Amino acid sequence: MILFIEQLFNGLQLGVTLFLLASGLTLVFGIMGLINLSHGSLYMVGAYVTATVTNHTGNFFLGICAALVCAAILGVIIEMTIMRRLYHRDHLYQVLATFGLILFFNESVRIIWGSQPLFIDIPQSLNFTVNLFGQGGYPAYRIAIIVLGIVILLALFVLIFYSKIGMLTRAGSSNREMAQALGININRLYTGIFAFGAVLSALAGGLAGPIYAVEIGMGESVLILAFVVIVIGGIGSIKGSFIAALLIGIVDTLGRAYLPAFFKTFMSASDGAVVGGSLASIAIYLLMAVILVVKPQGLSSKL
Amino acid sequence: MTRLNRQSLIIGLTFLVLAVLPPLLSAIDQSYYVSIASKILIYALVGISLDLIIGQAGLVSFGHAAFFGMGGYVCGVLSHHSANDLLVFSVFTGTNNALISWPLAVLVCMVLGIIIGVISLRTTGVYFIMITLALAQMVYFLIISIPQYGGEDGLSLWTRNKLPGLNLQDDTQFYYICLAWVIIYLLIAHKLIYSSLGLMIKGAKLNHQRLIALGHPPFKAQLMIFVLSAMGSGLAGALMVNLTQYVSPDYLHWSLSGKFLVIVILGGIGFLFGGLYGALILLGLEEILSSYTDHWHFILGIALVIIVLTSKSGLYASLVGRKAT
Amino acid sequence: MTKLLTAVNLKKSFGGLNAVDDFSIELGKGEIHALIGPNGAGKSTAINLLTGELLADQGSITLEGQDLSGLSTWQRAQAGLGRTYQITSVINELSVLENMLIALLAQTQQDQIGLTHVTKITPLIDQAKHYLQDFDLLPNAENLAGELSHGEQGRLEIAMCLATNPKVLLLDEPMSGMSLIDGKNMIALLHNIKQSMAILLVEHDMEAVFQLADTVSVMASGKIIASDSPQIIRKDPLVIEAYLGGDDASG
Amino acid sequence: MIARLVIVIASVFISVTAWAEPLKIGFLTTLSTKAGYLGEDIRDGFMLAVEQNNGQLGGVDVEVIVKDDERKPEKGIEVADKFVKKDSVTLMTGIVFSNVAMAVVPKMVNQGVIYISPNAGPSKLAGELCHKNYFNVAWQNDNLHEATGQHVNAAGYKSAYILAPNYPAGKDALAGFKRFYQGEIAGEVYTKLGQSDYSAELAALRAAEPESVFFFLPGGMGINFVKQYSQAGLNESIPLFGPAFSFDERILGAVGDAAVGVMNGSQWSHDLDNETNNQFVEAFKAKYERTPTLYASQGYDAANLIASALAATGGDVTNQDAFIAALEKAEFDSVRGNFKFGSNHHPIQDIYIREVIKDGDKVTNKLAGKVFENHQDAYAGDCSL
């Protein structure tokens, strides 16, 4: 039974990591109607900058801050030069332009940092295990991520629903021309939102660095999951993305934990593992297909 | 020189060059490039079939690699079984005869197209893009988990499929087979686009509300064109597997679906020959850039961004001054 | 006069707001039934309930005895319910002729849908041109529908509806934005098509309403407050109050 | 504009091949993607040998054409095709990954090309599909897993929990381990390819309470697994074992202290004490400022093997049988000390177990003992050579 709780916690942690990435994506997509395939690249850049600065300064939090600043600057530059011209273009052209950006980012990282994976360890202050479940320890770092994810969710809620900028953002998203007519500087607002999305993605990358491998193309595998999250959650909905992120985190983790065991009961050990393993990887996409068939606009399409 | 006959001049010229390319290349001792040209034609076939549903029906599929890969796997599995005389599902004997495996590949893709089409056509817009991506990823993970067909290592075909009277091992003959299929598919697409069925599909794309109010649900017509597009990509997959004599899950990967979209956009959406020029431009760029530097992705990435920012409706279309529908 | 369409106490509320409450109406063949009322009275919502674009919370709709409530929009259209939209809904990027062909192929000429080249289906083309001639649109057969004047687009939309031989035609403010001449042509047009079908005319242009309508229903904040011949309605105090904005006409 | 584009494309087709007298060697390897550093190491090892003989191998001028296969079989096929048809190459090497090797090698050897694999050693090419033109100077894929299995067995661990990705090389790995490990298998888990989070598998593993854990997860997957293994505090309670693929010097750089204490099976280590190896390690560090990995050692050996055959046949590659006979003798000083070929052109060699230690602030491997003496792969019998 304890194992189940631990798996549930693992699912929660994966869900929160996905939410960090997906929140930036759904903001940009929901408010500016922009499909940004290169969102994963900012996740990668965040991880690389965090790793490099941490290794030089020895201070993980300094690394994270450096990554956030770098992502903000990068976000502003990309938005002003490229994204600004894409808002009114068809989704397909957004896909083509951001597909090009993926190639550009992957190759520039390879030129700057080389193709070898980078090393970054958990900050010493969090490198211990919490005796959460009696016999086994649960890495404190992962609990920190869960807590941080929830804090960011609340912060986003306050920002969107109770702050002036949030109000402007919602106005901008529902009717861009009207907002502009009322004197809101939409361009600066959109640059701000895009940069904010970039910062969120880089933060997710920075935090994921110590757990996962910091390597080229790390953004793309996570990008697909992030798109699944925001579609299931309802595009543009922060609340929806959080629920969907947790749902996918848990389904994927429990699937990987229990499906192989389930198939082993009536198959040979290796066949059961193979069938169970592959079904686990299909589970998320099956979940998305089912939800889209039942609710073609995702779980909740409100902001 | 009005826009129309400048366009038909370029198309005519293109097909002239394509028709004489192999002898031309061997004349200048570059016959190696014939197989690269075949690859461009195969990608063009996918581009044309994908452009059918994006251009005519407004359905943006991000999962066409599923059909491309599935077509390839049908051929790969059949010839794998015939080479090692194992039985498929312990019932059918494998075959290396193109007259059986190619139609079968197209048939399997038709069924897969119906399944994915029926599910995906319940959604519209961005959700359609996402659901096709999700279903294609499921096909990818399904195939990769079947141990006997090599999973990640893929399957090698010892020889290309056999066609009576022709030797497909010879690159030039294989090139002309690919060219023939591209032309046949173009004719089918042309017939569909200018038919009454094509008119209804276009109408549904441009004003879905009016078609419904007239009592004509576009689902059946959209499914039909979706399946036709799936069959085209499946055939291209079968040809690709014969060209490289190898099939692997990479042919089902989502980045390939992305590449197909890039080809359609580069060629110009809704333009019948768009897939051909998109494939020529993208693969041409790849070939040129990769011969100069290992970091060609870097340059291709920037080139794609510039192409989107400068042209309104696809590089080729803007060259000919065509406005995309 | 045979009753084609009868709607009995339809109700539709969005959250707390009762957009349409206890809405009943009957449309007879060869009769133009006008539905008037201030903005926000629920007229468009009522039409959308009839066509199925909105699902009624309560009430029933029958067309020649056939219950429509379970049917989707296109099924109701196939049952003989045509409609136009406040913002004329034609296919702007296609030619006027192609618009007509699509309207014919939608139902009446459905068996003509196939792979033969459109320009080669001469019977279909002739029939389409016949409609265009009736609606004085033949000269711009090859122009794009989007390039037509507002009046011409209105006529094209109605011509497309007629191509499906509807039993009932729901018109959503066809006169809005019309020039004087176009207005006159439209009134004449509605006059001579009304014999073969029942027409529901939602309109603000009182001059047109009183020229065309056989009966007039007045709607205010979701309810029908009066339904009678045009002459009686013209003098009904309740109607005047609803229009001139008494205290309760919440608009 | 379109005219200019067509001319540019045409010009590429007509790039005249320079007439070259030196022997061309087609070096097809993986340079891009996140596994690019593997190809770089093999190439650096190979080129070091060429440079030491100032641009020659066995007294023959060589031109090594290095091309990237982007870890895609179909790209590998395309480049290999170009080597043969455009550059008329008859000697090829360099492939890193088994799936690329399976796609390219059979086609090339059937066209008369001699292929010397510095890395990928799929079981099929060692067994039923072996070919007189195909040599593998590194190992057969299962060897390092077999050695680790043998070590875990000898060390007396009664139960083992084993993991690998859900693809053929993964199944070969666990089969290789089980071929020499007689103890109880506490769990056999196949993970998703390219998976990054192993928390679910680690929790299940802890619950199974095995005495030892063996895993084969190449590249980034291995990095993630080892890091998460130590973060879950498992490295104190359950010893971890694996093949050298997840513990080469450059991966240790990305894993750090999490890997300390892990035992891994390898046919080579930088502290292997023989004259050729010491010289190779010094020369590599001098030229590239980093410690060589086993991949670099395999690239170096491949070059010296070719050099020995070229010297024996006076650089005449046209007489293939003589050249192949010279390759089979393998009269070259391997960095692994004794090295000879089995009947199926795969190595018969000693295999060691290495321990990951902390040397100052650097994490590296230390030789911890010999597991196999003159070990041959399990597929030699199926080969008809």
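Me: What is the strand order in the open sheet of chain C, and how do the strands pair?

Reply: In this predicted model, four strands of chain C form an open sheet in the order β2-β1-β4-β5. The pairing is antiparallel.

Me: Which strands of chain C stand at the edges?

Reply: β2 (17-28) and β5 (66-67) of chain C do. Each has a single partner strand, so one side of each is left without a neighbour in the sheet.

Me: How many bridges join β1 and β4 of chain C?

Reply: Five bridges, in the antiparallel sense, link β1 (residues 3-14) with β4 (residues 58-63) of chain C. For one position, take C:A7: it stands opposite C:I61 in β4(C).

Me: Where does helix α1 of chain C lie?

Reply: Helix α1 (residues 43-51) of chain C lies across β1, β2 and β4 of that chain. It runs at about 115° to β1(C).

Me: Now the interface. What is the area buried between chain B and chain A?

Reply: Interface size is often given as the accessible area lost when the parts come together. Between chain B and chain A, about 3,900 Å² is buried. Carbon and sulfur atoms give 82% of that area. In contact are 41 residues of chain B and 41 residues of chain A.

Me: Which elements give two or more residues to the side of chain B that touches chain A?

Reply: They are α5 (125-144), α10 (254-267) and α12 (296-310) of chain B. α5(B) gives the most, with 12 residues. The residues on that side of chain B divide into 26 nonpolar, 11 polar and four charged.

Key:
Residues are numbered from 1 along each chain as its sequence is written. Chains are lettered from A and ligands numbered from 1 in the order in which they are written. This is a predicted model: local features need pLDDT of at least 70, side-chain atom pairs count only at pLDDT 80 or more; totals for chains, interfaces and linings use all residues. Side-chain values use heavy atoms; hydrogens and water are left out. Two strands pair if DSSP finds at least two bridges between them. Contact means heavy atoms within 4.5 Å. Axes are lines fitted to C-alpha atoms, for helices over the stretch in contact, and angles run from 0 to 180 degrees between N-to-C directions. Buried area is the accessible area (1.4 Å probe) that two parts lose on being put together, summed over both. Ala, Val, Leu, Ile, Met, Phe, Trp, Tyr, Cys and Pro count as nonpolar, Asp, Glu, Lys and Arg as charged, and the others, Gly among them, as polar.
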